[in-house]
Structures are given as structure tokens and as C-alpha cells.
Amino acid sequence: MDYSAFGLRKKEYEIIREELKREPNESELRILGVMWSEHCSYKSTKPLLRQLPSKGDDVLQGPGENAGIIDIGDGLAVAFKVESHNHPSAVAPYQGAATGVGGIIRDILAMGAWPVACMDGLFFGNPAKDKNAGLIQGVVSGIGGYGNAVGVPTVGGKTVYDDCYEGNPLVNAMCVGLLRHKKIIRSNTAKPGHLAVLLGSRTGRDGIAGAAFASTGLEEDTKGSRPQVQIGDPFVEKLVIECCHELIDAGLIISMQDMGAAGITSSASEVAAKSHTGVIIEVDKVPLRESGMTAWEIALSESQERMLLVIDPSDFVKVAECAKKWQLECATIGKMTEDARFRLVEKGETVVDLPAKLVGDGCPEIHWPASSGTGRKGKTQHSRVRPAAWKTHLFELLRSPGLKDKSPIYEQYDHMVQINTVVPPGSPVSVLRIKQTERLIALTMESDPWACALDPFSGGAETLLKAARPLWVCGAEVLGATDCLNYPSPEDPDNYRALEESVRGLAAAATEMNCPVVSGNVSLYNESPGARIYPSPVVGLVGLLRQVNEYLPQGSWKDGDSLFLAGPLRGAMGGSMSQRLLDGSPSGAPWVFDPGQEKVFRDKALDTAHRNLANSGRVVAGGGLAVALAKEFIHSGIGASIDPQGLEDPFEVFFSEGGPRALYAVSGNKEVDFCRLWESFGCRRIGFVDGDRLHVEGNFEIELDDLLAVWKG
Amino acid sequence: MRVAVIVFPGSNCDRDVVHSLETTVGAEAERVWYESHDLPREVELVVLPGGFSYGDYLRCGAMAARTPVMDSVRRFAENGGLVLGICNGFQVLTESHLLPGAILANRSLTFLCKNCTIRVERNDTPFTALCAPNQVLQMPIAHHEGLFFLPEAQMQRLERENRIVFRYCSPEGETQDAYNPNGSMGHVAGIVNERGNVLGLMPHPERASERILGSADGAFIWNSLHSWLEEGGHR
């Protein structure tokens, strides 16, 4: 049998033969080929993922389920996860992005949670090029088209532009759900005799073997891959959410799985393996959209908006009634068995008979060789801009797609439905209230591919910290993280080294900051002829504010406030927006992770917010202090005078990035307490809030209207 | 105040409206499934909430307008009952011919979710009784189809009959193209029927009824309805 045609390696094929003590048949090979693909098996990254901390006092569910869950008190918890839909979005931007949103929402639903918010990490090539612009609009409309209709607000995210994403766009969708502890649904609770019920849409040929497609590089002509992209229907998804929650409230669901990658096969074999049972699926009982589908096509179809429910046989009538109310297909397609086998039966004949554990968990890990290179670094002497041209440089930064106003994107998303959105998109953090409590949850999503390209370890750590610092500054404690590891092929030793080192950096930062990584996803092979992406791990963080008045806003300067730069005077130039704009590509050294320093920053930032010591606080991030000042000016609608006198190397002070640095506006009566809190860490008065323009003494003055015109483009 | 909030397959603001009614005026709000042939007894207000009924397939609101519950809503309105359609609910009302006009795709041809300001054109309706004349309210919109359209002659009649209750405007209360988010004819954000008991609007009062959400102006509508009913108002 030609195992390589099914994406299997020789060693993998040998293990299969050894386990089965016979030759696998074609259907079995097709199923194992998909389940053992990179996308489903994590075979290249499992050893790396083990480094990520996943435990914590508040962790109710770590990795290994559809999503992670963390306690937020009062019997409530949040479930969250980020997942990639990169390859499908490259081929069919609207449907690829839409089904990415749909899939992650079902992952949250499968835990028993009500999805309350989505975020998206989007990575595109230069938007000024027509081909990229078309793709961007397709992705944005797809996210909106699905999320808006399904009634889950899209409250924020991260948008990154770089030429390396031309032809290799990344679309990472994150969803956060809310649930009561006692309503958590897990996949290890099935027992022999329970029914496997398919709820939702009919099964068709769409998305067959999509997981395997997502595990290779993209071809020159991607049109032939269209059948591997799924088609979404948010209307049906909305009905699935409502129906599943009625069933959960009635206590009728024992276990539940989203039918995502590898459809029936992955969902059924996963419940069986985790519950130490077997499962037998009768493919003739699956409601189909088209005739003539083979057993393996049915088993691997990735048709959207389908859930696998495990229920007690005596409850089937009630479940079917509820499905009928919501106009959904509902069929018993199999049952859980005593043996530990995953079996497919077609017309009474067993066509697939595999150990359930082998299907989902049997793929051997691959340890790719890593090069011993030290990243791309290059020159460390960066171009500088003479003071007379700072204003022009600042305008160029604010005009760049990564820093400019994102409202043309997020206004296409319903970011308010469910009426929990306290801080909408357009701010470094998105904040939701939890109804009937005093609590707020705060969300961020970050990535720093340039730092990861230059120094993967530091870049990995900085990615997590970039997401954490805005939470701390707004007063939120970090509860936990979800990550999406987007990389090119691990088979190239340089790529593998970057993967290995950046995950090590991410793990180090997460461990030091007590931030459990409770869920995530890996997407490798993000490359196309002529281009490969930078290492682009994405981190989504969930933070908690216990009281509404613990929240410190941004963009809320008050007349007469003093402006302080808290933390080190300088970040790093290497890989910064400013450096890349001046030099054309990332070079130099990014910020180096210092756990002790970050912890002190965290404690002081939380203290500042909780003691109400400032009127406004913003982390110095993309574009440096200059852009932080400009954005505070724009959102506050009030000006400031900045005095750069006496600063050594003021260009770096104003345009470097990274590290624990924040800009605070403090009113006169709080200054003493603020300075006492921060003085041991670094706290410099750089100016005061005043007038209607941003004035950097001895350098430039900007009027709000001019700044807005540049920023809004 | 007893309220029925109608739920169609695909409605997604029904719970938001219930929450808003309960927290602002302590209303007893009940979600009513679209297959019901009768409204709950003693209902004083029916709300058709926002969302994507039937996925907005065919035409926004078109399928919902032909459901069993809409027969009851029509009878309720004919008897003078108060009916409020928000966003998709407004579309259902025009598709049901309880209100005139058609609601077309936004001028931008994209979905738009943003805060808007609207001017209260009439404060003699049950929905606006507590608003000051020409009061400006801040409320968000969230729709792909929000451009109100009527043939010129009918539009003139609507104006003549003073049936426009809300218009998009600047924060200072001026109607200007720059503040008309979707290109609505006459800057229309909300209209009322001849009798004045059926109102449709595109902005979402339930999204702007609590300070923590950035605006509490939507509560003027709930409070107006509440006090109108308390005072035994009838149309």
C-alpha cells in the first residue's frame, strides 16, 4: 500500500502495521493519514508544547480538551482558545475566515460554555497591493459575516502587516466563553451503551481532509484546493448554540465534541479514547447532503455546524424534540462500546477497525533537527532620524498600516451584541463586564514576529509580555493564556530552531509570570513558493478585574496632569516599527527578557490602577513613546507639552519599543504617592497635559486635526 | 409593565432587550417563540429584537414577517398595542407592512457597528414621551441593511404626517451627511405608524441603557414606555 499518498511516513506506516498485526485497508490509511497529520497530531511540536506551564490554582481545565477553563470566582469560569485557519483563508478568504470563527465558537460551546467574545489575529501582506487588499476585505467580511450573524461580539484582536505574509496570510480566531463550574462538559465521561448523536447540519463533501491540506505548504495554484475549504452557515451555528444550551440546561448531554478537523473521526475517537471506551459509527445513519459518499468521506468530512453528542439512550426522544424545535438534523449515528476500538460500519460490514487510542494518540513524535544559528540579527547600528525630522517620522509611523486607525476593520464587526462590551476594540485591551457581578474580564492578543525572527527566545517571551503588560496597566490580573504557534515548515533546521527557541521563550515568560497556557493550536508549513512567514506565535490572554473601579482607562488625560514614563527610559530598537521603517527589514537585538523586572512592573502597575493613582495609563508598545503620546492625545482630545531636555539619546527614548514601560497621566494630588510607588523602578516626569496640541519642546508641535488626518488616513 | 420579546430563529438581541427592560424599568419581559399563535396575556408592549432572523437569507426580515406569531402581533397592533422593532425588528415591521418603506444595504455596502447620535423629532409618542424636544440621544447601530428608503411621494407624505421620530444627526443635533451612517433617506433612524403605536428604529436602545456600556440614553425609550403605560396611555 502506498502510505505516502495518504501523507504518512514510512515509520508511521510500520507502527500502524505493528499495532494492527495486519495490513491496514485503504479507508483506515486515509483516516490515519488525516489524524496523524501535523494539524491533528501535533507530532512535530508535542515535545515543545510540554514546556508550557498549564497548571495553576484556578485552572479547571488545561490543554487536551476543546478549550481551557479558568475559575473567576462565584462559581463562574471562562473557557477560551485560539485556533488558526490560515490555509483555508489563503485559498478562500471569506469562507476560510468565517469557518475559522465558527469552529472556535463550537470549541467553546463543546465545553458547555456560552460564547461571549471573539478576537482575531490577522497577518497580511502590504495592503496597498491590490491582491492583498482583496484578500484582506474577504477575511474581514468573513469574520464579520459569521460572527455578526451568530451573535458573538468580535471585541478586539491584532492586525500585523509584513511582506512575508503575502501569499501566506494568517487568520487566528479566539473565542471566550462563560460558564458555571457545575456545567463544565468533558470528553472523558462516556460509558459503553451511550449513544453517539450527530446534531446540526447534514454531512457533505466539503472540507474533506482539510486537516491534511493544512499540514503542507501552499501550492502555486491554490484553486485546486478549494474543495478542501469548508463552507459556513452562521444561521445554523446560532441554532446549534441555542439548542445545545437548552440540552445542557436540561441535563441531557453527557459529553460533547465539535466536529472540526477530521469531522466524525476525530470527535468520536477522541471521546472514546478519553473515556476508555470504544465507539462504533454506522455511516449509513449519517444524514447526508449528497449521495454516493464513501465511508471514509463521511468519516472525514469537515462539513460545518455539526456537534457530536454523547447521550443516554433513554434521552434520545427529548434530544430529538429539542433539535426539531431548532430545525436541526439529529441522528443516532453510533454508540459507545466496551472494547477500545474505533469502528466504522457500512451496510452491516465493518470497514474500519482501529484501536481508538491509535487513531488520536498513536502518531509517533518527530524530532526535527535544529540548526545552531543565532537568528538573523544583522547590523546593530540602526539608522536614526535627526530631531528636525521627528514629526515626519512620527507621521510615517502613524500612517503605516500596523499603527493606523483600525476602525475601518472593527466597525465591520458587531462588537457590542450581548451587551457586555465595556471597552470596545481600538484600545490596547478589550473589557467585558460579567452581568450580575462586579467583575470585568479584560482580553488582549499579541504577536511580535520581528522580535521572534531576530532572537526567537526573547521574541517568544516578549510576545507573552506584550499581551500581559496592557492587562496589568489597566488593573487586570492575568488569569491565563492561549497560544497559536504559526510557523513555516519545521523540516528546515533554521525554521525548527526558531520554533524551538521561541516556544522556550514563551514557556519561560509564562512560567515566570504564573500564567498557565490552557489551550492552543499549532500551524506549521505557512509557506508558499518564494515566501515563508516569520516565526509568528500569537498569544491571547484573559485577565480579571474584581471590581469595576479597579479599571484604569487609556486615552483619558485630564488638564493639568503630569505625564510620567514609568520603567526603563529606553526599550529596544531592534525589530521596532521605527527601525523597520528606516532600514526596510528587521535587524538588531529586540528587548531581552528579564523576569525580575517584569514582576516588579506587574506589581506596581496593578497597584497604580487599584489605588487610582493615575487618570490614564498606556503601555509603550508599537512605535514607542512617540506613538503612545500621539494615541493618548487622539483619544483624550487634549494636548500636552513634553520636555525632552536632559534625555540622553532622546531618539531611542521616543521611538524604541518593548520592555516594561508605560506612560501615565497623574493628577497633582496623586503625584507624591505615584512617585513613591514607582521611584525604585524608574519614573521620569516628561511633561504635562495642557492646551490643544502635542508639543515636544524644541522640536515639533502637532494639532489634533492634523494628527487625526494622518492616523485615519 | 409586561413585555413580550419575540424570538425568531436567528434573533440575537432578544436576551439583551430583556436584560435592559428588567434593569432599567423593572419590566416583566418574556421571550416568546415565533411559533406561538398567541401572545402572553396582559402584554402591554411587544418588542421585535435585532439579529439575523432566518440568517437574513432571502431578504432581511422577510421570512420572520410571515411567521405565525406575526399574525398575533398584527392583531395586537390593530388593537392599539405598543410594538417596537429594533434593527432586524424594524426590517420585520416594514416587511410585515406594519410600517412603510424598505430598508436597503448601507451606502458603504459593509456592515457597520458604531456609536451614533440621533435627534428626537417627536416627543408625543409613547416611545419618546420623556424626551425633550429635539433631544440628542447616543445609541449604537449594528447593521448591514439600514438605509431607509421610500419613493419620493410617499417620503413627502411621511414627512407631512410627522411620522419620523428619530433622525441621525451630529452630536450638536444638526442633520448632516457626515453623520448619516448608512445613507438613509431624510436621515431617518426611526419612524412610527399613523396611529403612533408601532415604532421601528435601526439604533439599539438596549445597547445604550447603562452607563457602563458608554451611554444610558436608550433608557429614555424604556422609561418613556413605562411612564406612558403607568399613566394608562392608549392609542
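Visitor: In which sense do E27(A) and E28(A) pair, and over how many bridges?
Guide: Strand E27 (residues 693–696) of chain A and E28(A) pair in the antiparallel sense over 4 bridges. Strands are DSSP runs of E, at least two residues, and helices are runs of H or I, at least four, numbered from the N terminus; two strands pair if DSSP finds at least two bridges between them. This is a predicted model, in which local features need pLDDT of at least 70, side-chain atom pairs count only at pLDDT 80 or more, and totals for chains, interfaces and linings use all residues. Residues are numbered from 1 along each chain as its sequence is written, while chains are lettered from A and ligands numbered from 1 in the order in which they are written.

Visitor: Which residue of E28(A) is opposite Val696(A)?
Guide: Phe700(A) is opposite Val696(A).

Visitor: And what is the strand order of the sheet?
Guide: The order in chain A is E23-E25-E22-E26-E24-E27-E28, an open sheet of 7 strands with mixed pairing. Strands E23 (616–619) and E28 (700–703) of chain A are the edges, each pairing on one side only.

Visitor: Changing topic, at what angle do H9(A) and H12(A) pack?
Guide: Helix H9 (residues 234–249) and helix H12 (residues 316–325) of chain A pack at about 150°, with axes 9 Å apart. Axes are lines fitted to C-alpha atoms, for helices over the stretch in contact, and angles run from 0 to 180 degrees between N-to-C directions. H9(A) and H12(A) are therefore roughly antiparallel (angles over 145 degrees).

Note on methods. Parallel < 35°, antiparallel > 145°, perpendicular 65-115°, else oblique.
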